Number of protein chains: 2
Amino acid sequence: MAVISPSRRLRRTPFSDGVEAAGVKAYTVYNRMLLPTVFESVEADYHHLKNHVQVWDVSVERQVELRGPDAARLMQMLTPRDLRGMLPGRCFYVPIVDETGGMLNDPVAVKLAEDRWWISIADSDLLLWVKGIANGYRLDVLVDEPDVSPLAVQGPKADDLMARVFGASVRDVKFFRFGLFEFEGREFVIARSGYSKQGGFEIYVEGADIAMPLWDALFKAGEDLEVRAGCPNAVERIEGGLLSYGNDMTDDNTPHECGLGRFCDTQTAIGCIGRDALLRVAKEGPLQQIRAMTIDGDRVPSCDRAWPVYGDGHKVGQITSAAWSPDHHTNVAIGMVRMTHWNSGTVLEVETQDGMREAVVRPGFWA
Amino acid sequence: MAVISPSRRLRRTPFSDGVEAAGVKAYTVYNRMLLPTVFESVEADYHHLKNHVQVWDVSVERQVELRGPDAARLMQMLTPRDLRGMLPGRCFYVPIVDETGGMLNDPVAVKLAEDRWWISIADSDLLLWVKGIANGYRLDVLVDEPDVSPLAVQGPKADDLMARVFGASVRDVKFFRFGLFEFEGREFVIARSGYSKQGGFEIYVEGADIAMPLWDALFKAGEDLEVRAGCPNAVERIEGGLLSYGNDMTDDNTPHECGLGRFCDTQTAIGCIGRDALLRVAKEGPLQQIRAMTIDGDRVPSCDRAWPVYGDGHKVGQITSAAWSPDHHTNVAIGMVRMTHWNSGTVLEVETQDGMREAVVRPGFWA
């Protein structure tokens, strides 16, 4: 595998010193920033995540901050999810679409106050879209990337570790809600969320200066919990059906194709820029959709490109994420399949860079 | 150095098969796509580039295509460079600024026709800004990323190699102009441009299917010219003063701070979104500016973060690119320095991750 050439452009994070000291072995680049991908090995990291607790540097989840009288209006322009009932203290997973209904990002919107929001983004410069819209519509809102670097604490022992550092009341935070918690005299937004199915929290660390003190405190408090540095795990997230923007979906896809129709209230999301384009697909449904699939045989090669999927001799889709699952003893995969071939149990052929394999559509994801 | 984890999200290019066969050793990620950084070694690649000819996969220079009646108006909204006198067939280096005058990108604009432009971008999702502006101002224009992957032919023998594949008339293309040339019955925009000071061309390869046939034809035609696969060279581009967006400048900086004031016609660039914000700096000049610098001592470590620069005990700037120059026997660097300390010959201190060094402001770049 090729090495990655360091440069300022591939931004380090406020936790990079800790990540390096923990022996990071591989990175990806996400939002022009370094995201660890392997510490011990993908499989060892996977087992550890499912049994213990990990601290993840997910600073790459950059925030787009909206602040001002038009913040809520702008937020609704970005997404077909109806935000009218959303109270401060809530986190909403929101598909962001352009005027054609194509996905530009799939972030979590954090409502800090009526006039202040953070959008915790996946891998695209959503800031530029939001700034362009705010400028073009002359909205009364400030749009910026604040000095906020999320740190995730994930795994079955996450509650125990967090309680030791932030107090027992952190256990009461409900899924996709957040509370304010103190560390060294500073207040942090802490949400019960994260890019795994093992449970845990995301700490929105505001201020690069407090990053390493918090990192060190978590590791010190968790020694007997076998806390380790970790990262989103390529296998675990496929098992759990956690989509990856840029891998499993791009601006070619509508939210409905991505199986995110339940996050679209297209009729009532008045003001959403992509609303007109999405009304028909919201009613009739998509022609292709994300599916969980298994791929037969031994370990698949790296899914470094979209693998065409064939049924009855025609291309009917593509697989965009795939990995060997130690727990399920098969290759788990995420793909997009046309409706003619998307029923559970359908047997398809998939073309990897190392040859053809058989793939089977699953009834759902594993976790 | 850590390895890079492959995924579809870090897009391969239509030339990736050729790049891999040529033995690429390292990559960076640029516009969410793989950009080779090393083949033999940075130094061996550097000497070869200065003496022979290289073929570079610079597909990462994604194009933003503007098409329609409002294309020219939109293009002028994006930049403080006055585009009124620009004829089709010309390429302009254009700073792109937001409403505060902050740099969003520093691409080359290619004017194909009055109503059709390509913007050949540096490392930011400029497409999202342009789409947002087009939508917000309700412009009559299509904005998209076409299937165009630039291939650069760089080095002193570039003219010879290109003439063998595209005919002798390619030699007549003037700097930052382009012509249309044929290969296997297909027409390509070919400009005399590129991210080196060694001369050469950029071929805007339209259609992924023709990419490898063209790659192979260039290598076959150039055997006796010692043609090799190459890539933008970290040392040569610093010597030449070729700035790198994300390294040497970000949206914190105005074009004037980046030494790009000569590409700003702020008074007459009517319609430019950042015009109001830039009028004062255009008149009074910036408080800090890009400078070429040398750093004493032996080879500097990787410049993987901004290095603070001190003068008279205060922080007066930062260095953002640095490398050992085999030809100049010193460390060459690019930094941003406050006007109190930017005069040629000023001795400064620079803080690298491996300790303090002495740096000296130069009168200009090396090439």
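User: Is A:Phe175 buried or exposed?
Analyst: This is a predicted model, in which local features need pLDDT of at least 70 and side-chain atom pairs count only at pLDDT 80 or more, whereas totals for chains, interfaces and linings use all residues; side-chain values use heavy atoms, with hydrogens and water left out. Residues are numbered from 1 along each chain as its sequence is written, while chains are lettered from A and ligands numbered from 1 in the order in which they are written. On the scale used here, buried means under 20% relative accessible area, exposed over 50% and partly exposed in between (1.4 Å probe, protein chains only). Because the relative accessibility of A:Phe175 is 63%, this residue counts as exposed.

User: What kind of aromatic pair do A:Phe175 and A:Phe176 form?
Analyst: Rings of Phe, Tyr and Trp (its six-membered ring) pair if their centres lie within 6.5 Å, with planes under 30 degrees apart counted as stacked, over 60 as edge-to-face and the rest as tilted; by this rule there are 14 aromatic pairs over all chains. Between A:Phe175 and A:Phe176 the distance is 4.9 Å centre to centre and the planes stand at 45°, which makes this pair tilted.

User: How is the pair of A:Phe365 and A:Trp366 classed?
Analyst: A:Phe365 is partly exposed at 27% relative accessibility, while A:Trp366 is buried at 16%. Their ring centres lie 6.4 Å apart and their planes meet at 65°, so the pair is edge-to-face.

User: Which residue of chain A lies over the face of A:Phe92?
Analyst: A charge sits over a ring if NZ of Lys or CZ of Arg is within 6 Å of the ring centre and within 35 degrees of the ring normal. In chain B, B:Arg81 lies over the face of B:Phe92 at 3.9 Å from the ring centre. In chain A, the residue over the face of A:Phe92, at 3.9 Å from the ring centre, is A:Arg81.

User: Why is A:Glu202 counted as buried?
Analyst: UniProt, in an unreviewed entry, lists A:Glu202 under "binding site", and annotations of this kind may be inferred rather than shown by experiment. The residue sits in strand E15 (residues 200-206) of chain A, and, leaving aside neighbours within four places in sequence, its contacts include A:Val58, A:Glu61 and A:Leu151, where contact means heavy atoms within 4.5 Å. A:Glu202 is therefore counted as buried, since its relative accessible area is 6%.

User: What rotation superposes chain B on chain A?
Analyst: Superposition is by least squares on the C-alpha atoms of residues with pLDDT of at least 70 in both copies. Chain B falls on chain A with an RMSD of 0.0 Å and 0.0 Å of shift along the axis, which is the relation of a two-fold axis. The same surface serves both copies, as 100% of the contact residues of chain B recur in chain A. The rotation is 180°.

User: Which three residues supply 18% of the area that chain B buries against chain A?
Analyst: The contact takes 53 residues from chain B and 53 residues from chain A. About 4,700 Å² is buried between the chains, 52% of it from carbon and sulfur atoms; this is the accessible area (1.4 Å probe) that the two parts lose on being put together, summed over both. More than any other three residues, the ones supplying 18% of chain B's buried area are B:Arg8, B:Arg9 and B:Arg32.

Conventions. Helices (H or I, at least four residues) and strands (E, at least two) are DSSP runs, numbered from the N terminus.
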